[in-house]
There are 2 protein chains.
Amino acid sequence: MRIVVLAGGVGGARFLSGVKAWAGPGGSVTAVVNVGDNVTMHGLTICPDLDTVMYTLGGGNDRQRGWGRAGETWVVKEELAAYGSPQSWFGLGDRDLATHLVRTGMLAAGRTLSEATAELCRRWDLGVELLPASDDHFETHVVTENDGTMHFQEWWVRHRGAPGVVRFEFDGAATATAASGVLAAIAGADLVLIGPSNPVVSIGPILAVPGVRDAIVKSPAPVIGVSGIIGDAPVLGMADRCLRAVGVECSAAGVGGLYGARSSGGLLDGWLVDTVDAGTVVDGVPVRAVPLWMRDDAATAAMVAAAVELAGR
Amino acid sequence: MRIVVLAGGVGGARFLSGVKAWAGPGGSVTAVVNVGDNVTMHGLTICPDLDTVMYTLGGGNDRQRGWGRAGETWVVKEELAAYGSPQSWFGLGDRDLATHLVRTGMLAAGRTLSEATAELCRRWDLGVELLPASDDHFETHVVTENDGTMHFQEWWVRHRGAPGVVRFEFDGAATATAASGVLAAIAGADLVLIGPSNPVVSIGPILAVPGVRDAIVKSPAPVIGVSGIIGDAPVLGMADRCLRAVGVECSAAGVGGLYGARSSGGLLDGWLVDTVDAGTVVDGVPVRAVPLWMRDDAATAAMVAAAVELAGR
């Protein structure tokens, strides 16, 4: 079974780990990952979500912190601070930095982000094909109430999501092209899963790449979404603040409604919610309630099994 | 007294430290530093000679190793090797890396190398004005006998200077412009010193920047050179191999002759050689023999005092 998963960072990586566990060694899993978080700092191209997925599936991630490398050190970051760098707020670990250097060197040599990603993944042996949603650089920007417009990373990491959000913009996405292999993977999938990532700033930028949403809508494969909201709060991150900004209720029903039923031009053939959200109704979308806490790969694989079962209804 | 010093990396940095000691707190010392060693790796602009001078004068250098930062760590380099990076032969320390990141970020934002250098130097409080010879990127390349053409760093660091040299080329220097302040500093100097750096690959690229040699030749200030060759060997580095490639004898007399007498269109009003080379004759150039081993700042300051005295003859 060829499975395509749309995913963001930490939550997406954990979900993919469960998909990989469910699929087993012979499985075919393609991750289409958000690139809106990508940011250029000190001349380096940094791709937080791609790297989180890569490190997590490759076994090189820091499990406690959730992002970045295990055994990370912070010498470069301290030195940047000693230089008074205005960007020393960013969590640029020494080990992590090597990833950005290899990538930036390849991009400078004219290779695409997909090619750089594939080269980086050679080291990590993911067992999953990792594709950036687009090879074109575009950025999720936050238009704030009182602090102007800033990069998503600046809003979230530097300001800890404090500035009030007017709206999110995917700056440059409208002219971006889906990365090599993305549309073909979706068209050739037996199952498309929308991971429990932030629907606004993780899944949103993927769908904002021209052609991606359309490819999903037209795919012969069933499309099953997994709610990242349990009860009235996100499992991880700041989806509550992001959903409020786009006028969507922070609930499994709210997010399901945002994605919408495929039968009426939306994305979903099925919507997986947590057991505490049993009874959730999304117009035109079959909903199933199962435990959605991704405690370990076995728990997450059980979610995937439920998604596969829902797809087969 | 306004002193301008032409300098390369390790030897130039030690010499500058002595010039600074001689000049004292009220002194005016401007270092015009080689940029031919500059190299782009992983998308970063790396300036080995500028950084060696900056770290040395700023007290942040590793005295044992001679180059790079004191207390250096190598996490990023190990990670680059784990990725199979073809450039992991380069000594890219973690602390050092922060310098390249700040510089590259500023260049990416449209600032000049001079501006980036000044910004970096704010942290280090050099007591010397540090100027790159040019803001334009050009590179010293080595045309080898059997291994093609390679960057100077690749020849020296990766291959330890082993490949036979046909010639050195300063690729891009012919269309480079002297950095802001360089020609004015030379024109306004009371004394120009050519440090005991490699005449071919450290001083050579500085003189290859259009206008620099001419500014020195026309400067009203006396120009005193300091031999980097003692007996028949360079104090540091590989000047012997470089001199052989340009057909110049590896001796104080050979290098003095390469620079030439100002009275006949060359650079020198005086040439300082080591006591073991007393009796050295350079056509048209007054020569003085004093101890040239830069054991410490006091020894080096004594060399500078001798140069000043020679300039006043």
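Let's start with strand 1 of chain B, residues 2-7: 5 of its 6 residues are buried, so the rest of the structure largely encloses this strand. Buried here means under 20% relative accessible area, with exposed being over 50% and partly exposed in between, using a 1.4 Å probe and protein chains only. And strands, by the way, are DSSP runs of E with at least two residues, while helices are runs of H or I with at least four residues, both numbered from the N terminus.

Before I go on, a word on what we're looking at. This is a predicted model, where local features need pLDDT of at least 70 and side-chain atom pairs count only at pLDDT 80 or more, while totals for chains, interfaces and linings use all residues. Residues are numbered from 1 along each chain as its sequence is written, chains are lettered from A and ligands numbered from 1 in the order in which they are written, and side-chain values use heavy atoms, leaving out hydrogens and water.

Okay, back to strand 1 of chain B. What does strand 1 of chain B pair with? Its partner is strand 2 of chain B, residues 28-33, in the parallel sense and over 6 bridges. Two strands count as paired if DSSP finds at least two bridges between them. If you want a spot to look at, find B:V4, which stands opposite B:T30 in strand 2 of chain B.

Now hop over to chain A for the sheets. There's an open sheet of 7 strands, with parallel pairing, in the order 5-2-1-9-10-13-14. At the edges you find strand 5 (129-132) and strand 14 (287-289) of chain A, each with a single partner strand, so one side of each has no neighbour in the sheet. From one strand to the next, the twist averages 20°. For these angles, axes are lines fitted to C-alpha atoms, for helices over the stretch in contact, and the angles run from 0 to 180 degrees between N-to-C directions.

At one end of that order, strand 13 (residues 270-273) of chain A pairs with strand 14 of chain A in the parallel sense, over 3 bridges. There, A:V273 stands opposite A:A289 in strand 14.

Which helices lie across strand 13 of chain A? One is helix 11 of chain A, residues 252-259, which lies across strand 9 (191-194) as well and runs at about 160° to strand 13. Another is helix 12 of chain A, residues 297-311, which lies across strand 9, strand 10 (223-226), strand 13 and strand 14, at about 150° to strand 13.

In chain B, you can see which parts of helix 11 are tucked away: B:A252, B:G254, B:V255, B:G256 and B:Y259 are buried. Those residues pack against several elements of chain B, including strand 9 (191-194), helix 8 (203-208) and strand 13 (270-273). Contact, throughout, means heavy atoms within 4.5 Å. After helix 11 of chain B comes B:G260, with a positive phi near 80°.

There's another sheet in chain A: an open one of 3 strands, antiparallel, in the order 7-6-8. Strand 7 (149-151) and strand 8 (165-171) are its edges, each with a single partner strand, so one side of each is left without a neighbour in the sheet. Here the twist averages 30° from one strand to the next. Strand 6 of chain A, residues 139-144, pairs with strand 7 in the antiparallel sense over 3 bridges, and A:H141 stands opposite A:H151 in strand 7.

One more helix: helix 2 of chain A, residues 48-58. How many of its 11 residues are buried? The count is 10, so to speak mostly covered. Just after helix 2 of chain A, A:G59 takes a positive phi of about 80°.Zooming out, chain A has 12 helices and 14 strands. Its radius of gyration is 18 Å, close to the 20 Å that the globule rule gives for 313 residues, so chain A is as compact as a globular protein of that length. That radius is taken over C-alpha atoms, and the rule is 2.2 Å times the number of residues to the power 0.38. Buried residues make up 58% of the 313 in chain A.

Finally, the two chains. A rotation of 180° with 0.0 Å of shift along its axis superposes chain B on chain A, at an RMSD of 0.0 Å. The two copies are thus related as by a two-fold rotation axis. The superposition is by least squares on the C-alpha atoms of residues with pLDDT of at least 70 in both. And 100% of the interface residues of chain B are also interface residues in chain A, so the copies meet through the same surface.
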